[in-house]
Amino acid sequence: MSKGLITTGSVATNRKARFNYEILETFEAGVVLTGGEVKSLRAGHATINESYASVEDGELYLINAHITEYGAAKGGFVKQVASRPRKLLVHRKELNKIMGAVEQKGKTIVPLELYFNPRGKAKVRIALAVGKNLVDKREDMKKRDWNREKQRILAHYNNGKR
């Protein structure tokens, strides 16, 4: 592989997911992609910030994930749709568990990370989640700010003792 291509590791992360949702359980799912989409992912051209997963006709789909068109194929015969629904591959037991949980009020499926596993296969880490309200988000921000301030105080204290 040439330099700059991703062979293993993270391609895209949904940084807002843990802020906007309380994560209950995570799953790993395979993604059905075309050849141009895989090439584009290896180049790191994908975002999953506004995406979600849904169950339709007993199958799981990743909706609104944006994988840009591969550079060499822009003028090609087959046009790639950047944000088409992509089928996710999970075990039947996991799918039944996810479908049962989504039927409950307030639970949703959120993609956390799009990555290549050590074998080079494209995977997406999805999570069952419940949306946080404004009070919960404010509490998280207060905790984060306090931890930051605490680290500063400890660093200042430790530097003074040396």
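Visitor: What makes Arg-84 and Glu-37 a salt bridge?

Guide: A salt bridge is a side-chain nitrogen of Lys or Arg within 4 Å of a carboxyl oxygen of Asp or Glu. Here the closest N and O atoms are 2.8 Å apart. That is within 4 Å, so the pair qualifies. Arg-84 sits in the loop between strand 6 and strand 7 and Glu-37 in helix 2, so the bridge ties together parts 47 residues apart in sequence.

Visitor: What sort of model is this?

Guide: This is a predicted model: local features need pLDDT of at least 70, side-chain atom pairs count only at pLDDT 80 or more, and totals for chains, interfaces and linings use all residues. Residues are numbered from 1 along each chain as its sequence is written, and side-chain values use heavy atoms, with hydrogens and water left out.

Visitor: Why is Glu-37 called buried?

Guide: Buried means under 20% relative accessible area, exposed over 50%, and partly exposed in between (1.4 Å probe, protein chains only). Glu-37 has 0%, so it is buried.

Visitor: Which residues join Glu-37 in a network of salt bridges?

Guide: Arg-84 and Arg-86 are linked with Glu-37.

Visitor: How do you know that Val-81 touches Glu-37?

Guide: Contact means heavy atoms within 4.5 Å. Leaving aside neighbours within four places in sequence, Val-81 is in contact with Glu-37 and Arg-86. The C-alpha atoms of Val-81 and Glu-37 are 9.7 Å apart, and the two residues are 44 residues apart in sequence. Val-81 is found in the loop between strand 6 and strand 7.

Visitor: What makes helix 2 a helix?

Guide: Helices (H or I, at least four residues) and strands (E, at least two) are DSSP runs, numbered from the N terminus. Helix 2 covers residues 35–42. Its buried residues are Glu-37, Ser-40, Leu-41 and Arg-42. They pack against several strands, including strand 1 (9–13), strand 7 (86–89) and strand 9 (122–131). Just after the helix, Gly-44 takes a positive phi of about 85°.

Visitor: How do you know that Arg-42 lies over the face of Phe-116?

Guide: A charge sits over a ring if NZ of Lys or CZ of Arg is within 6 Å of the ring centre and within 35 degrees of the ring normal. Arg-42 is at 4.1 Å from the ring centre, and it lies over the face.

Visitor: What makes Glu-59 and Lys-87 a salt bridge?

Guide: Their closest N and O atoms are 3.1 Å apart. Glu-59 lies in strand 5 (residues 59–63) and Lys-87 in strand 7, so this pair ties together parts 28 residues apart in sequence. Glu-59 has a relative accessible area of 28%, so it is partly exposed. Lys-87 is partly exposed too, at 30%.

Visitor: Why is Asp-57 called exposed?

Guide: Its relative accessibility is 82%, so it passes the mark for exposed. Asp-57 lies in the loop between strand 4 (52–56) and strand 5. Its phi is near 55°, a positive value in a residue other than glycine.

Visitor: How many helices and strands does the protein have?

Guide: There are 4 helices and 9 strands.

Visitor: How do you know whether the protein is spread out or compact?

Guide: Its radius of gyration is 20 Å, well over the 15 Å that the globule rule gives for 162 residues, so the protein is more spread out than a compact globule. The radius is taken over C-alpha atoms, and the rule is 2.2 Å times the number of residues to the power 0.38. The C-alpha trace spans about 65 × 45 × 25 Å along its principal axes. Buried residues make up 30% of the 162 residues.
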